[in-house]
Amino acid sequence: MTTANTHWVLTLVCKDQPGIVHAISGAIVAANGNITESSQFTSDDTGRFFMRLQIESAVPREHFVNQILPVAERYGMTWELDEVGRRMKTLVLVSKSAHCLNDMLFRQRAGQLPVELPVVFGNHPDLQGLAEFYGVPFEVHPITGEADKLAFENMLRDYIKTAGIELIVLARYMQILSEEFCKEFEGKIINIHHSFLPGFKGANPYAQAHARGVKLIGATAHFVTADLDEGPIIEQNVVRVEHSDSKKRLVSIGQDVESKTLTQAVRWFAERRVLLDGERTIIFS
């Protein structure tokens, strides 16, 4: 009887130096692995080497890890081994805007987004019906002051640990996370914002954009850091608009771009295609 192949995804980061590709390829051969996809990049700015591989192999995970470990130690690698297509446990935080959550829920149910959504947390009850329509539990956690925010973040820490959450998505969540929380989960929180920042701030940026006659609108998905909206960028999109587009039309176009951009960033992250290089991201799309 033969063991069925498992499709693995291996990502690694280390200081660039000769022999890395040869060494990791040798470890894969020793694990009876067959490389089905390979991407690599060397950053001239930081001197770091990045690699993402997809590998088919019939050996158990432990055997695979045993082959990789000596190479990882020799080159000082930071590395991760996962199964291709495994659904990543993801927590979504929302406020009142439905478009980003709706897109994620639909694509997850359609099998287009490799994430598992055990719950949605909102600081308002507005999107409870939407989440429950897709069969995802919804919890309301109102935040009216600093005491509420502190209690909510403490609850989040416990939930993230007990539920094994691997990614936190702010799907138009209109609360600012504390500096301590951002640092604790740095590289694990993705946010979306319109690309008008910092020019058009506030609750109604599309009205401001319409008043100024902008010709391009867009969205940016990025990692959350303690510096508000300054984290490493994962994905950006832009759409041209016309002088004849109303404020309502601009909002509709902008929400479509935001949804598409956030979902793409989440997909790449869940597929282990996003690697951090300081303040930049390496995307093996």
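Predicted model: local features only at pLDDT ≥ 70, side-chain atom pairs only at ≥ 80, totals over all residues.
Four strands make it up, in the order E2-E3-E1-E4. The sheet is open and its pairing is antiparallel. Strand E2 (34-42) and strand E4 (78-83) stand at the edges. Each has a single partner strand, so one side of each has no neighbour in the sheet. On average, neighbouring strands are turned by 10° against each other, direction ignored.

Eight bridges join E2 to strand E3 (residues 48-57), and the two run antiparallel. Asn 34 stands opposite Glu 56 in E3. Helix H1 (residues 20-30) packs on the sheet. H1 touches strand E1 (6-15), E2 and E3, and its direction makes about 20° with that of E3. Helix H2 (residues 61-75) lies across E1, E3 and E4. H2 runs at about 165° to E4.

Now the charged pairs. The structure holds 15 salt bridges. One of them joins Arg 280 to Asp 45, with the closest N and O atoms 3.9 Å apart. Arg 280 lies in strand E14 (residues 280-283), while Asp 45 sits in the loop between E2 and E3, so this pair ties together parts that are 235 residues apart in sequence. Asp 45 counts as exposed because its relative accessibility, 65%, is over 50%. Arg 280 is partly exposed at 40%.

A second salt bridge pairs Glu 166 with Arg 86, and here the closest N and O atoms are 2.6 Å apart. Glu 166 is in the loop between helix H5 (146-163) and strand E9 (167-170). Arg 86 is in the loop between E4 and strand E5 (88-94), and the two residues are 80 residues apart. Glu 166 counts as partly exposed at 21% relative accessibility. Arg 86 is also partly exposed, at 30%.

What about a buried pair? Arg 172 forms a salt bridge with Glu 258, at 3.6 Å between the closest N and O atoms. Arg 172 lies in the loop between E9 and helix H6 (179-184), and Glu 258 lies in helix H8 (residues 247-270), 86 residues apart. Arg 172 is buried because its relative accessible area, 15%, is under 20%. Glu 258 is buried too, at 1%.

Some salt bridges share partners. Glu 80, Asp 82, Arg 86, Glu 166 and Arg 272 are joined this way into one network.

End at a loop. Glu 230 is found between strand E11 (216-223) and strand E12 (233-240). Glu 230 is exposed, with a relative accessible area of 62%. Glu 230 and Ser 178 are 52 residues apart in sequence and 15 Å apart in space, C-alpha to C-alpha.

Terms used. Residues numbered from 1 in each chain as written. Heavy atoms only, no water. Buried < 20%, exposed > 50% of the residue type's maximum accessible area, 1.4 Å probe, protein only. Pairing = 2+ DSSP bridges. Axes fitted to C-alpha atoms, helices over the stretch in contact; angles between N-to-C directions. Contact = heavy atoms within 4.5 Å. Salt bridge = Lys/Arg side-chain N within 4 Å of Asp/Glu carboxyl O.
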